[in-house]
Amino acid sequence: MKKLLLVFTFVLFTTLSYSQELTYSKNYNGDTVAKDQYGNIVATGSKNYNGDFVWKDQYGNVIKTESRNYNGDKVSKDNYGNTQSTQSTNYNGDEVVKDQYGNVQYTLSKDYNGNIVKKDPYGNVLGTYKKNYNGDMVYYPNNY
């Protein structure tokens, strides 16, 4: 579940930048690979020597680093070490992602089919994560 949540935090970055269908799978090294709808690698995620999860672009540049704070919340930082977002669990068991100022960016919750639904702060559905026939997670954005 932790690895899955790490993938979801990365989706915010990619959906804002690309707004397309993304597939998350593992490569031969066990790293998480995010691919666009055409099969191009958008980013690769792996753990560093500290145990933090690091996302890198296709050229090897660090996009962001994810670690845990003293409360157990997941904190995402950019390549300069600035906090970008914090992810925690609310009383409903949903994952809530907030920006560095504490404003809710989006919420991740499960629907009756077991899919993970991404909603904006107002409850509007932004997209859905579903497993494909290979067992990979695929993000399907709602295109209005």
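The side chains of E66 and K64 meet in a salt bridge, with 3.6 Å from N to O; the term stands for a side-chain nitrogen of Lys or Arg within 4 Å of a carboxyl oxygen of Asp or Glu. By this rule the count comes to one salt bridge. E66 and K64 are both buried, that is, under 20% relative accessible area with a 1.4 Å probe and protein chains only, where exposed is over 50% and partly exposed lies in between. Side chains of opposite charge can pair when their charged atoms come close.

This is a predicted model, in which local features need pLDDT of at least 70 and side-chain atom pairs count only at pLDDT 80 or more, while totals for chains, interfaces and linings use all residues. Residues are numbered from 1 along each chain as its sequence is written, and side-chain values use heavy atoms, with hydrogens and water left out.

E95 is buried yet has no salt bridge. The nearest side chain of opposite charge to E95 is K74, 6.0 Å away; here Lys and Arg count as positive and Asp and Glu as negative, while His and the chain ends are not counted. The side chain of E95 does make a polar contact with the side chain of T89, at 2.9 Å. Such a contact is a pair of N or O atoms within 3.5 Å; within protein, one must be able to donate a hydrogen and the other to accept it, and residues adjacent in sequence count only if both atoms are side-chain atoms.

E95 lies in strand β8, residues 95-99. The chain has one helix and twelve strands, taken as DSSP runs numbered from the N terminus (helices H or I, at least four residues; strands E, at least two). Of the 144 residues in the chain, 43% are buried.

The largest nonpolar core has 15 residues, of which L22, Y24, W55, L108, I116, Y129 and M137 touch the most other members. At least two residues of this core come from each of β1 (22-26), β3 (41-47), β4 (53-57), β9 (104-110) and β12 (137-141). A nonpolar core is a set of buried Ala, Val, Leu, Ile, Met, Phe, Trp, Tyr and Cys residues joined through side-chain atoms within 4.5 Å.

L108 lies in strand β9 and is buried, with a relative accessible area of 5%. L108 and T128 are 20 residues apart in sequence and 9.2 Å apart in space, C-alpha to C-alpha.
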